[in-house]
Amino acid sequence: MKIIAPIVAGFIFATNFSARAADTPTDPQIAHIAYTAGLVDIGYAEIALQRSKNKAVREFAMEMVKDHKAVNDKALALVKKLGVTPEDNATSQTIASQAATKRAELRRLSGPAFDRAYAENEVAYHSLVNAAVDTQLIPSASNGELKDLLKVGLKIFQGHQQHAEHMAERLSRKHAASKE
Amino acid sequence: MRSIALHAALWWLLLLAGATFAPAGEAASVVIADLEFKPSTVTVRVGDTVTWINRDFVEHTATSRNGVFDVATPKTRPAHWRAQKVGDFSYYCRLHPNMTGVIRVTR
Ligand SMILES: [Cu+2]
């Protein structure tokens, strides 16, 4: 039984980056994590805009670029105002490296298969990020304005998650119908 | 003769301006802030106009579930919808479906 524990811990580490932030992250680290998470979703959206011909998928991707850029611009303006320098950290690095793997996966797909994989990844990614923002970043943030921005950001990202769930559901229904 | 024509033209301009900038029977405003429609339920009468003012830093929509209206609510200017029939119109934001509200239209 003892041998299983490290394997399980390793699995959680690899699949859930929020588990990585076991120590309370500092505000400069929180800012870096939130910013990185936004950039990652913009990166996925850019792949979708290159590869997808589906109108709903393209509209969703354009919305992701706009919204995440808007949140990141707010975050940048805030850290500048507070005189805080975002600090790279293990959680940001885990997010970035997992995203690189996912991007490579998505780039191997095209057509409806790409659309479904993109939609499913958007659901999974937003649910992971939202859990981390909700249970790790917001409670750990010490500056009030940073906390408030994270709270509004969380509502925006929860909206994206629901939107992505609807999109994924419609795409998989369409796929099931096409196989009948 | 010329001054009568001028007067008529001015009146038309005023009427047009009135129609464009102050919708007749304007009744309800909904403010969008922190991803919420406030108030979440508003009641208007047939012919009244609902105005949404978006104070968030992202764009939203006010989209009725029954397909009667789909209004973009940009950050830059207020958006309007004129109620044309009686009923409860439940609506949401297409971009952030966690945002919901109801427009109640009475006679
Ligand atoms: Cu919205």
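A:Lys155 and B:Glu36 form a salt bridge in this predicted model, with their closest N and O atoms 2.9 Å apart. A salt bridge here is a side-chain nitrogen of Lys or Arg within 4 Å of a carboxyl oxygen of Asp or Glu. Between chain B and chain A the count is two salt bridges, and over all chains of the whole structure it is nine.

This is a predicted model, in which local features need pLDDT of at least 70 and side-chain atom pairs count only at pLDDT 80 or more, while totals for chains, interfaces and linings use all residues. Residues are numbered from 1 along each chain as its sequence is written, chains are lettered from A and ligands numbered from 1 in the order in which they are written, and side-chain values use heavy atoms, with hydrogens and water left out.

**The interface**

Eleven residues from chain B and 16 residues from chain A are in contact (heavy atoms within 4.5 Å). The two chains bury about 1,200 Å² between them, 64% of it on carbon and sulfur atoms. B:Phe57, B:Pro97 and B:Asn98 supply 43% of the area that chain B buries against chain A, more than any other three residues. Buried area is the accessible area (1.4 Å probe) that two parts lose on being put together, summed over both.

Seven residue pairs are in polar contact across the interface, both residues being at pLDDT 80 or more. A polar contact is a pair of N or O atoms within 3.5 Å; within protein, one must be able to donate a hydrogen and the other to accept it, and residues adjacent in sequence count only if both atoms are side-chain atoms. On the side of chain B that touches chain A there are five nonpolar, two polar and four charged residues. Ala, Val, Leu, Ile, Met, Phe, Trp, Tyr, Cys and Pro count as nonpolar, Asp, Glu, Lys and Arg as charged, and the others, Gly among them, as polar.

Helices (H or I, at least four residues) and strands (E, at least two) are DSSP runs, numbered from the N terminus. Axes are lines fitted to C-alpha atoms, for helices over the stretch in contact, and angles run from 0 to 180 degrees between N-to-C directions.

| Helix pair | Angle | Axis distance |
|---|---|---|
| α3(A) (residues 55-82) and α6(A) (residues 144-179) | about 170° | 11 Å |
| α2(A) (residues 27-51) and α4(A) (residues 90-107) | roughly 5° | within 9 Å |

The angle makes α3(A) roughly antiparallel (over 145 degrees) to α6(A). Their contact has 15 nonpolar, three polar and five charged residues. In the other pair, α2(A) and α4(A) are roughly parallel (under 35 degrees).

**Two local features in chain B**

Most residues other than glycine have a negative phi, and most peptide bonds are trans. B:Asp34, in the loop between β1 (26-33) and β2 of chain B, has a positive phi of about 50°. A cis peptide bond joins B:Lys38 and B:Pro39, with omega about -5°.

Terms used
Angles under 35 degrees count as roughly parallel, over 145 as roughly antiparallel, 65 to 115 as roughly perpendicular and the rest as oblique.
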